[in-house]
Amino acid sequence: MRAIVLAYHEMGCLGIEALLRHGFDVRGVFTHADDAGEALWFRSVAELAAGAGLPVFAPEDINHPLWIAKIRALQPDVLFSFYYRNMVSDSLLAIPRVGCFNLHGSLLPKYRGRAPANWAILNGETETGVTLHHMIARPDAGDIVGQRRVPIDADDDARTLNLKLAAAAGPLLDECLPQILKGTARRVAQNESEATYFGRRKPADGAVDWRKSSTQIANLVRAVTRPYPGAFTHAKATKLLVWKAEALAASASGAEPGTEPGTVLSEDPFEIACGEGTLRITYAQQQGGVYCTGAQLAADLHIVAGARLGQPRDDRSARKRKTRVLILGVNGFIGNFLSERLLADGRYEVHGMDLNDTAIKRLESREDFYFHEGDISIHREWIEYHIKKCDVIVPLVAIATPIEYTRNPLRVFELDFEENLRVVRYCVKYQKRLIFPSTSEVYGMCDDDEFHEDTSRLILGPIEKQRWIYSASKQLLDRVIWAYGKQQGLKFTLFRPFNWIGPRLDSLAAARIGSSRAITQLVLNLVEGTPLLMIDGGRQKRCFTDVGEGVECLFRIIENEGGRCEGQIFNVGNPENEASIRELADLLIDKFEKHPLRDRFPPLAGVKEIESSAYYGQGYEDVTHRRPSIANAMKRLNWKPVVPLEESIERTLDFFLRDHLASADAGAAADSSASRARPVAPVGVRSGG
């Protein structure tokens, strides 16, 4: 059976050895170039493959059409992924006739995602394992072929546990590979109700929080000790790396009741009070120093009983200021969800401006959220001051609905181009990083089946079709930003959201005046019992993207790890969720009829087709499809949307229905209260008003 292998790590080496052991014809091995900044403790897949006479490649983007074509030419029957680090596209998964299989270091469905061994130790698990499973579009979610359980001992760290998992992988593959060859491998669906997902870990995640229990801190030390970056704390301004530690129970602790967590209890042994219990540091080092015992470290740094460990308090230079993000249009659909995501991370301050705060009231009590009610075209001094003050600027203010493009094109140009150009120039003046949204309409009537950020043509309609003034304004500003980046060093990233949907998208009130997204307009029709209007029959296709996934991609753009987003354009959409507006309406109707609150709304009034000119005016023109390529986001951000369209529709519909009923019930209660409070006029006297 012809196989191609995507592999890295010790698991990758063991997987290749198992395939060769069982007679697979390995046509090619795809791996990663070693990272010079990573402490490598495992064998090299490239060296093993080359030594076995196998063709070996290290593509920067395995999902690029050139590599897809090369892999297709190898005619693989099966694909195996052994700890390969990048997402694999549907186009690649569709090539092997037998299927695609992945080896994952946990007992799926638990601990999907990155660094499963580290997370299992961190969370105090006593057992994990390895799973061979079918690969699908969603990470680590395919049917299970086989599993092996692995105990986690009290002295295991991430390295020893990974080696135990690798040792268990051999017998698992010896069991499953012959079944795959014979076509008898089992398929057991994962129980989604038991699924857990964990993301990648960063060096900053190793900070010790002394308020936690000694067991939790000891687990952190085990999870990130060498060859990983290590758990760390501070003695005044000196950073201490903790490589090995022991948790002492509260009963064995020398701490007096009420001792502040982080207080040093003794220097030899080096013991520190925790939120519960005591931590004994066995081995550690100061940053830039040498590996030594905890007792020697305490002596070398003159750390005595009663001293406090933790984040430096009196050394401002040692504290990292939170990144300040300015969001103009913070009350909008993207702005309010993005603010929530940034605040949840804990490393960001959000400063926002908008005309009102209807969607962000839930955030206004948050410590790092600052809102100013204002107008971008009036409060220019406030905007300039905050651009100078903040680190990342996200201008989301725009007129962004088709009915407004055709009715008020000059206002679209003034706001979407002129006012935003002012923001761009402030960013150039103060050398701030700019994250600018173009929206999917920028590419207009592009004739590619799939729109690529860097190669597709940007095509607009005739001048008389005033609808294109929005696209022209955004596209021209994209080009201006690009020129500022090339000529004056502006740090920027452009992103194009493709039809994001979800709760708090806009409002039914906006839909009543035609100033909303298509799905909101359709929900309004359902709520009010009016016909669902299909503009030009609803044949236009869109790729709908769940707002949670879209915002996660935008968050990674703002995070900009390693500067990977500088000067880049990202399509942020879900090409798998392509549906026409008519298909969207049919799905909405189906969900509406099955909703538990259905009986509180009027009967369905059906669907009515209408010409676009009758609804939007003569200046309107539309496109039949907007299908994005997301290869750049997959490659640079390791981002791939997986939420199906039906799930997003269901959550969006549920939000609008419940919000509408809550508003109606509140209004009825207010009317009833006012009626009861109204004074009764005496007999024979006419009441006022």
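Student: Hi! Are Y8 and F42 buried or exposed?
Tutor: Hello! In this predicted model, Y8 and F42 are both buried.

Student: How many aromatic pairs are there?
Tutor: The count comes to 18 aromatic pairs. One of them joins Y8 and F42, with 5.4 Å centre to centre and 75 degrees between the planes, an edge-to-face arrangement.

Student: Where do Y8 and F42 lie, and what does the pair tie together?
Tutor: Y8 is in the loop between β1 (2-7) and α1 (9-21), while F42 is in the loop between β2 (25-30) and α2 (45-51), so their pair ties together parts 34 residues apart in sequence.

Student: Nice. Which residues do ring pairs link into a cluster?
Tutor: That would be F24, F80, F82 and F101.

Student: Switching to charges: which ring does the charged end of K239 sit over?
Tutor: The ring of F232, with the charged end of K239 4.2 Å from its centre. There is also R467, whose charged end sits over the ring of W468, 4.9 Å from the ring's centre.

Student: OK, cysteines now. How many disulfides does a search of the whole structure find?
Tutor: Zero disulfides turn up in the whole structure.

How values were computed:
Residues numbered from 1 in each chain as written. Predicted model: local features only at pLDDT ≥ 70, side-chain atom pairs only at ≥ 80, totals over all residues. Heavy atoms only, no water. Phe/Tyr/Trp six-rings, centres within 6.5 Å; stacked < 30°, edge-to-face > 60°. Helix = DSSP H or I, 4+ residues; strand = E, 2+ residues; numbered from the N terminus. Buried < 20%, exposed > 50% of the residue type's maximum accessible area, 1.4 Å probe, protein only. Lys NZ or Arg CZ within 6 Å of the ring centre and 35° of its normal. Disulfide = S-S within 2.5 Å.
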